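Hi,

Here is the structure I promised to pass on.

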Amino acid sequence: MHNPLILEMIYLLLAAVFMVPLCQAIGLGAVPGFLLAGILIGPSVLGLISDVAHIAHISEFGVVLLLFVIGMEMKPSFLWKIKRLVFGLGSLQVLLTSLIIILISRFLLGLDWPAAIIIGCALSLSSTAFVLQILTQQKSLNTEFGRSSVAVLLMQDLAVVPLLALIPLLSESTGVSHSIGYAVLQSVGIIVAVIMVGKYLLNPLLYRVAKSANAEVFTATAVLIVLGTAYLTEIAGLSMAMGAFLAGLLISDSAYRHQIKAEVQPFRGLLLGAFFISMGMSLNIPVLLESPVLVISLMLLTVAIKTSVLTLLAKSFGHSWQKSAAVGFLLGQSGEFALVLFSLAFAADLLTAYQFNIAMLVVLVSMLITPLLAIIANKFNNQQQELSPSEAEIPECAVVLAGFGRVGRSIGAILETAGVSYVAFDRSSEIVKKYQDNYPVFYGDVTQSHLLNSAGIHHAKLAIVTLNDTHAALELVESLRHRFPDLNIIARAHNSDNCLELLQHGANDVVSENVEASLELSELALKANSVDDSDIQELLSAFRLNYYNKIRNMTDNL
């Protein structure tokens, strides 16, 4: 007998492999490709997968991991700088948008108050998953409009707490089981507990795990941190995504953050793609075909209201009209948390089946046009400027130093004296723990491409490989040369044979420990025999040049 779950996974992968490259080829991007793949294999078209809820539950972890990675990039000091945007711009957007949609739902559409309130509040939320994915792909998180968009999204996620507590308060059948005040206090308590645990236990835990030198256990620990924090915050009434974001913040100043990010990146990409596919599968095509004008009209009205409110508010917070419009259009869609709220409201009899189906379609169709809204936002934001390095989440360093042993530390000290920025990595937890307070050194396996991406190697002018492990050094040099053809790579070698290998694998320059030690000893010997300094330097320079030229000639002849 075949396993139906395996077959569903095959359908998911086949649809993604077919649709995503096609959409990217015609300029739509990856997200519309995943959405169209979901529509294609979903119940409304081919019907290859009928249990959409099952796939959706699994794929929600993609959003969780996305928020975790974003949290690691947004340091607490950065969030403190945007607190005015979070609690000012974000709060006003949720309140004003909710109020306008509630009044329209009650007095123009004729809905009763409970249904109008739920619909108005839910539609005020935007899609965290879509927007953050787009900002990340466009490398716009460090821009003015990207920072404002993230601030609004954070406030919207916080607003989910009282909105979830609001559903039983509005439901006549369930009664008032919990007050909003109690829900908020419970959430605050969990957040404080998570912060305290993270502050006093997280780094010692990661140090112990890293010291064990077991890569699989470190990966399991990284995933455990994400899922454990997400679960705790979900118990408190917050979304799992907000919990994951909080976990990312706790790790953002840790020396282990780059390695953790490298561990979760593969899971994030795969599960986030599954999330977008599940959104496409959720689209109810028959209901949409029954009332296309109504759905499209309500969707456009929602987008127009949110875009207008956000544009005006962003302008009042000091942004230019262009930047304000960019924020408005980027956040004009409805979000995944609206789907959750509508599902809970329907289960509590606050929405009829017809209202539920139409509301879900409005949200899903608005999410489908998010790439179009992003294109419009980019047109308004075509003169965007990057924030200064002090405000950016990931510092741009001139040098990436692979290995922070005795050689690496000496290089780092010289670079600091010269005022050259660098970031160093080492697989020894002891070295990282000992020097992380005084040097920009982080725990990590530099042979992993995700780790180097996290470190901002795209901005580096130079990579210096000082690894003592010959095999690891060769592997790293070859990987760097393959992925970054223009990067200048200098590598430490032990002898002439090692120099030859490193040059063959792509190093621009090599330094042999043996020959350099010999030259230093020779210099001392010549000075002891009263040889003139200028003659000494001439002799040593000629020997060094001849030595490395021989190795380069051997490389060219192979």
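Below are my notes on a pair of packed helices and on the salt bridges.

Before you start: this is a predicted model, in which local features need pLDDT of at least 70 and side-chain atom pairs count only at pLDDT 80 or more, while totals for chains, interfaces and linings use all residues. Residues are numbered from 1 along each chain as its sequence is written, and side-chain values use heavy atoms, with hydrogens and water left out.

First, the helices. Two packed helices are described by the angle between their axes and the distance between the axes. Here α15 (residues 321-330) packs with α18 (residues 370-380) at about 175°, and their axes are 8 Å apart. That makes the two helices roughly antiparallel (angles over 145 degrees count as such, on a scale from 0 to 180 degrees between N-to-C directions). Helices are DSSP runs of H or I with at least four residues, strands are runs of E with at least two, and both are numbered from the N terminus.

Which residues of α15 and α18 meet? From α15 come Gln 322, Ala 325, Ala 326, Phe 329 and Leu 330, and from α18 come Leu 373, Ala 374, Ile 376, Ala 377 and Phe 380 (contact means heavy atoms within 4.5 Å). Nine of these residues are nonpolar, one is polar and none is charged (Ala, Val, Leu, Ile, Met, Phe, Trp, Tyr, Cys and Pro count as nonpolar, Asp, Glu, Lys and Arg as charged, the others, Gly among them, as polar).

Now the salt bridges: the structure has three (a side-chain nitrogen of Lys or Arg within 4 Å of a carboxyl oxygen of Asp or Glu).

- Arg 492 pairs with Glu 513, with the closest N and O atoms 2.3 Å apart. Arg 492 sits in strand β5 (residues 488-493) and Glu 513 in helix α24 (residues 513-528), 21 residues apart. Arg 492 is buried at 17% relative accessibility, whereas Glu 513 is partly exposed at 29% (buried is under 20% relative accessible area, exposed over 50%, partly exposed in between, with a 1.4 Å probe and protein chains only).
- Arg 544 and Glu 516 form a salt bridge at 3.1 Å, N to O. Arg 544 belongs to helix α25 (residues 533-557) and Glu 516 to α24, so the pair ties together parts 28 residues apart in sequence.
- Glu 523 pairs with Lys 527, the closest N and O atoms being 3.5 Å apart. They are four residues apart in α24, so about one helical turn separates them.

Cheers

How values were computed
Angles under 35 degrees count as roughly parallel, over 145 as roughly antiparallel, 65 to 115 as roughly perpendicular and the rest as oblique.
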